[in-house]
Amino acid sequence: MLRTASKVTINTGNVLNLIDIKKKAGQNVTEELSESIKLTLTEYGTQNGFPLANGTAHAESSGHSDYVVLSTSAASDEAVVNITRPHDDVQNKMAEEERKNLKIGVKIFINEDSTTALTECLENVFTALRTEHIENVILSYNPDLQHRDDARVDSSPKNNFAKASPISLGSNVARISSTEVEADNEADARKCEAILPGIKILWAVLEGYVKDGRVQQLGVADVGGGCLRKLHAWALVKPTIAQINLASCCVVPPSLHAFCRANDVQLLTHADPPDLLSIAAAKTLLDAGIGCNNLDWCARYQVHIKCRGVLALKGYVCKATLRHKGD
């Protein structure tokens with residue numbers, strides 16, 4: 001019974017085949033994730049006899065639990081309810097090409113330095129895609145967001161990028177003053193001091209996957225130049241991808257660009273807000289009548305066809321801790 005369930009995992013399957021998402025051209029990352037979760041809950045709820053109207057649930061329609069969009073499987077001390085879209089084409093898409101012709105990229109969003117949570121997240125991705133290896137995994141670690149003003153990002157549409165892309169300094173370098181460079185270094189040092197210990201804990205888990213041949217390349221998002229250099233020097237498996245959100249850094253620091261070029265690290269931009277987990281939970285789970293203020297973790301997977309560079313499928317796997325009434 002869901003009254004005793006405390007966790008829920010949500011596998012959206014291939015979101016590229018969701019008509020409702022296709023109709024909303026120009027939506028940002030948060031909107032895509034929120035809409036994907038909402039549609040997954042709707043399909044799953046309808047399939048299991050718990051219909052939703054406009055993304056909202058009504059407890060009186062079930063009689064089993066406050067969380068009517070979920071299944072009513074038996075629970076243990078910490079029951080995990082798994083929700084998947086009933087009509088998904090992930091396996092069909094994966095089977096259309098030989099595995100050697102596919103490139104899988106995964107970005108993991110996590111707010112705690114929990115090795116158990118990170119392992120659980122990756123294993124859910126492997127299960128969802130039914131693959132034995134992943135080409136690259138990017139870690140996005142954002143702890144204590146409410147106390148990290150430096151990491152806050154303006155999530156307005158004008159500051160969102162459609163997809164990750166290589167960074168070019170262009171003519172902006174000449175306009176960076178020495179004062180601005182020093183300020184960036186100080187901010188980077190403060191942020192690094194707060195997040196690097198946790199990143200190292202999680203990175204060690206990812207290195208284990210590389211050692212076992214299950215992951216080929218590792219990357220990290222939004223760590224700043226100084227933190228990237230420290231992580232690179234410490235790590236046994238060096239990061240080969242670095243993502244930076246230009247919504248919070250209008251000009252790429254020249255030192256970061258130079259370090260990546262010298263150490264063969266691919267520097268990319270992205271449009272993912274640091275508080276993606278809390279925003280997505282508020283826009284979907286809370287709106288659906290499920291007590292949840294924050295997703296525990298979320299992984300976005302993308303599968304490209306190598307020879308053509310075509311995005312074959314894209315999806316999300318997330319986990320949330322449920323909060324019952326009165327908690």
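# Reading a predicted protein chain

Guide: In the protein chain, 76% of the contacts with a separation of 6 or more are between residues 24 or more positions apart, where contact means heavy atoms within 4.5 Å. This is a predicted model in which local features need pLDDT of at least 70, side-chain atom pairs count only at pLDDT 80 or more, and totals for chains, interfaces and linings use all residues. Residues are numbered from 1 along each chain as its sequence is written, and side-chain values use heavy atoms, with hydrogens and water left out.

Visitor: How many helices and strands does the protein chain have?

Guide: The protein chain has eight helices and ten strands. Helices (H or I, at least four residues) and strands (E, at least two) are DSSP runs, numbered from the N terminus.

Visitor: How is the packing of two helices described?

Guide: Two packed helices are described by the angle between their axes and the distance between the axes. Here, helix α6 (residues 224–234) and helix α7 (residues 254–262) have axes that come within 9 Å and cross at roughly 30°. Axes are lines fitted to C-alpha atoms, for helices over the stretch in contact, and angles run from 0 to 180 degrees between N-to-C directions. α6 and α7 are therefore roughly parallel to each other; angles under 35 degrees count as roughly parallel.

Visitor: Which residues make the contact of α6 and α7?

Guide: From α6 come Gly225, Leu228, Arg229 and His232, and from α7 come Ser255, Leu256, Phe259 and Cys260. These residues divide into four nonpolar, three polar and one charged. Ala, Val, Leu, Ile, Met, Phe, Trp, Tyr, Cys and Pro count as nonpolar, Asp, Glu, Lys and Arg as charged, and the others, Gly among them, as polar.

Visitor: Where do nonpolar side chains tend to be in soluble globular proteins?

Guide: They tend to be buried together. Buried means under 20% relative accessible area, exposed over 50%, and partly exposed in between (1.4 Å probe, protein chains only). Of the 327 residues in this protein chain, 50% count as buried. A nonpolar core is a set of buried Ala, Val, Leu, Ile, Met, Phe, Trp, Tyr and Cys residues joined through side-chain atoms within 4.5 Å. The largest one has 54 residues, of which Val106, Ile108, Ile110, Leu129 and Val137 touch the most other members. Helix α5 (residues 178–211) gives the most to this core, with ten residues. A second, separate core of 26 residues includes Tyr44, Phe109, Cys292 and Cys298.

Visitor: Is glycine 105 buried or exposed?

Guide: Glycine 105 has a relative accessible area of 16%, and therefore counts as buried. Glycine 105 lies in strand β3 (residues 102–110). Its C-alpha atom is separated by 5.3 Å from that of glutamine 302, 197 residues apart along the chain. Leaving out residues up to four places away in sequence, glycine 105 touches Asn136, Arg300, Tyr301 and Gln302.

How values were computed. Parallel < 35°, antiparallel > 145°, perpendicular 65-115°, else oblique.
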